[in-house]
Amino acid sequence: MNINKISCIIITILAIVGCNNNNGKLEQYTELKNKSIKLIDTLKLINNFDLTLIGDINTKNIKVINLNWAGCTSCILEMKDWASLIKEEELLKNVTFIFIANGELTWNFNYHINHNYFPFPIFHDPEQIFEKYNKLADLEYEHTIVLNRQNKIIYLGDPIKEPKLLKSFLKCIKRGLMQ
């Protein structure tokens with residue numbers, strides 16, 4: 001066999017193996033796979049989102065929790081990217097999104113929250129109660145957590161910052177909505 005055929009075979013095998021992982025980076029955090037997450041109801045809503053639009057969060061098939069820092073400019077831009085993705089992807093219109101801003105609110109963060117419409121609630125968690133209670137403090141860069149109906153983690157990653165994870169994220173959402 002020549003080197004081109006061998007390369008094609010290896011690439012095909014890697015593509016098949018890679019496409020079977022619909023959990024994002026959850027495999028890297030084995031202690032979190034199917035871990036139950038408690039949604040904290042004492043966090044303060046900081047944008048003008050109408051919570052009646054999502055109803056009882058605990059009855060939803062799929063919930064996407066996004067953790068970010070209130071002082072992080074790239075996190076603000078990422079929220080805008082999420083808003084665009086939700087608008088563009090029909091599949092995501094049936095999903096409940098919850099954003100949690102950790103740390104102190106900055107002028108920049110408040111400005112963007114007050115001058116942009118985000119199609120999801122944004123809660124403030126200055127002391128990271130949600131992360132501490134659910135023992136998620138080690139998730140440095142994996143901002144997005146997908147929960148199933150039982151609030152168990154079924155996906156972990158950041159499909160906005162890592163476009164290669166977007167396909168697995170959407171497959172995970174689709175699989176969860178069909179359950």
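N34 is partly exposed, with a relative accessible area of 43%, and this asparagine belongs to a predicted model of a protein that has five helices and six strands. Followed along the sequence, these elements come in the pattern α-β-β-α-β-α-β-α-β-β-α.

**Loop residues with a positive phi**

- N34, which lies in the loop between α1 (3-19) and β1 (44-45), has a positive phi of about 65 degrees although it is not a glycine.
- Q128 is not a glycine either, yet its phi is positive, at about 55 degrees, and its place is the loop between β4 (122-125) and α4.
- As background to these two cases, most residues other than glycine have a negative phi.

**K135 and its surroundings**

- K135 is found in the loop that runs between α4 (129-133) and β5, and because its relative accessible area is 65%, where over 50% counts as exposed, K135 is an exposed residue.
- Leaving aside residues up to four places away in sequence, K135 touches L32 and K35.
- K135 and I37 are 98 residues apart in sequence, while their C-alpha atoms are 9.2 Å apart in space.

**Helix α2**

- An α-helix has 3.6 residues a turn, so residues three or four places apart point the same way.

**Helix α5**

- Helix α5 covers residues 166-177, and its twelve residues should span 16 Å at 1.5 Å a residue, which agrees with the 16 Å that separates its end C-alpha atoms.
- The residues S168, F169, L170, C172, I173 and G176 are buried in α5, and what covers them includes β2 (63-69), α2 (73-88), β5 (144-147) and β6 (153-157).

- The largest pocket holds about 300 Å³ of space, and of the 16 residues that line it, L39, I40, D41, I57 and I98 are the closest to its centre.
- Sorted by class, the lining of the largest pocket is made up of ten nonpolar, three polar and three charged residues.
- The second largest pocket holds about 230 Å³ of space, and of the 13 residues that line it, those closest to its centre are I54, L92, K93, V95 and P119.
- In the lining of the second largest pocket, nine residues are nonpolar, two are polar and two are charged.

**The chain as a whole**

- Among contacts between residues at least 6 apart in sequence, 73% join residues that are at least 24 apart.
- The accessible surface of the protein comes to about 10,200 Å², and carbon and sulfur atoms account for 55% of that area.

Key:
Residues are numbered from 1 along each chain as its sequence is written. This is a predicted model: local features need pLDDT of at least 70, side-chain atom pairs count only at pLDDT 80 or more; totals for chains, interfaces and linings use all residues. Side-chain values use heavy atoms; hydrogens and water are left out. Helices (H or I, at least four residues) and strands (E, at least two) are DSSP runs, numbered from the N terminus. Contact means heavy atoms within 4.5 Å. Accessible areas come from the Shrake-Rupley method with a 1.4 Å probe; for residues, only the protein chains shown count as cover. The expected span of a helix is 1.5 Å times one less than its number of residues. Buried means under 20% relative accessible area, exposed over 50%, partly exposed in between (1.4 Å probe, protein chains only). On a 1 Å grid over the protein atoms alone, a cavity is a set of points where a 1.4 Å probe fits but cannot get out, and a pocket is an open set with protein on both sides within 12 Å along at least five of seven lines; lining residues have an atom within 4 Å of a point. Grid points are joined across faces, edges and corners, and a volume is the space filled by probe spheres set on the points. Ala, Val, Leu, Ile, Met, Phe, Trp, Tyr, Cys and Pro count as nonpolar, Asp, Glu, Lys and Arg as charged, and the others, Gly among them, as polar.
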